[in-house]
Amino acid sequence: MSTCEVIRESLGAWLDGELSGAAADTVRSHLQTCLACGQERRQLEKLDITLKSVLEAQTIPFHAESIWHALRQRIETKRPWYVEVAAWTGPVLRSPSFAWGVPAVIVLLLGTIYLDSILPGWNSGSPRDNFAAVESIDAYGRNVALLREYETKTTVIWLYQNPDSESEASGETSNKGPAF
Amino acid sequence: MAEVSDWALVEKCQAGDMSAFQELISRYQQKIYMVILGLLRNREDTLEVAQEAFFRAYRKINSFQGGSSFYTWLYRIAVNVAIDAQRRQKRNPLEFRESMDGIMEERNEVAKDPSADVHDKELRAKLNQAINELSPDHRAVIVLRTLEGLSYKEIGETLGCSEGTVMSRLHYARKKLQEKLRAFL
């Protein structure tokens, strides 16, 4: 970047009196020797004068009393509850930080679903009831229950007597506990 | 009699004194109105937005702790409401621009020399158009600096940005205006 370009970048700030001593001196001394930057300075000054006059020309007298009257009426009017709620929540919902909130919640939900599919039961505090039970009859005609526990990969075979067949076959009581 | 300070009025207002708020508004309403008009360039919207800004100021007055001056705080609210309105503004600002020359003639602000008059009119028309084409952020710094004469620090406080950002925005805003008006300057 040439010296002139650097000077022109801070010319506006210099004209506004916003440059500190050393920076202001640099601009001032450059302007004494550079005709092109001097021309740029005059253009900026003319632009500022015209801008001020154009913007000031907008000054149109208005009725302060009527504005205050309308404002007071608005202040004193009790707003419905939903307008109050919207007034409180609106700025929060429109804030830039909330803009990240919605995608973050979506990502979190998708992550939870994905994690649940690859690690079933990851989010449960206590071991869940993941037994599979099958009732069957073994080779001797006895009733058995096969219990398979997924997490420990343990199969429990629970042998028990059918009260009806027991009484028919051996005449023993049916209150006998399970045999393992 | 010495004028009551803004802060004293704010404290009264925080205690529920509506007349103190009225006094505060009467001190700054013209300036606020001008800033909003400078940003929106539409008279009807300006009145609406100014009222909304004052209303919001009233609702938030209890949260004002005096960290900045009252007018900077009020400007911040007004500029934010105006920028929001500007972004969703549907009315054509050209309607305003076309009437600008008429207003200036009425106020006898146009040069008397006929040739200068034509040149001046053209320059003002072009400038109005160029201002309308600025982004809300660029227009805000131009209005606060040129019209209100705020320092870069005050503009930064009003817009919620650093002095460096203000300097940069002003530089680019002026550059854009200059490019569009080069033939007239």
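Trainee: What percentage of the 180 residues in chain A is made up of buried residues?

Mentor: The model is a predicted one, and in it a residue is counted as buried if 20 or more other C-beta atoms lie within 10 Å of its own. Under that cut-off, the buried part of the 180 residues in chain A comes to 7%.

Trainee: In what order do the elements of chain A run from the N terminus on?

Mentor: Chain A contains seven helices and three strands. Read from the N terminus on, these elements of chain A follow the order α-α-α-α-α-α-β-β-β-α.

Trainee: Which element gives the largest share of the side of chain B that touches chain A?

Mentor: The contact draws 29 residues from chain A and 37 residues from chain B. On the chain B side, the elements that give two or more residues include helix H2 (18-40), helix H3 (43-60) and helix H9 (163-181). With eight residues, the largest share of that side comes from H2(B).

Trainee: How many nonpolar residues does the side of chain B that touches chain A have?

Mentor: Sorted by class, the side of chain B that touches chain A has six charged and nine polar residues. The nonpolar class on this side of chain B numbers 22.

Technical notes. Residues are numbered from 1 along each chain as its sequence is written. Chains are lettered from A and ligands numbered from 1 in the order in which they are written. This is a predicted model: local features need pLDDT of at least 70, side-chain atom pairs count only at pLDDT 80 or more; totals for chains, interfaces and linings use all residues. Two residues are in contact if their C-beta atoms, placed from the backbone, lie within 7 Å. Helices (H or I, at least four residues) and strands (E, at least two) are DSSP runs, numbered from the N terminus. Ala, Val, Leu, Ile, Met, Phe, Trp, Tyr, Cys and Pro count as nonpolar, Asp, Glu, Lys and Arg as charged, and the others, Gly among them, as polar. A residue is buried if 20 or more other C-beta atoms lie within 10 Å of its own, exposed if 12 or fewer, and partly exposed in between; C-beta atoms are placed from the backbone.
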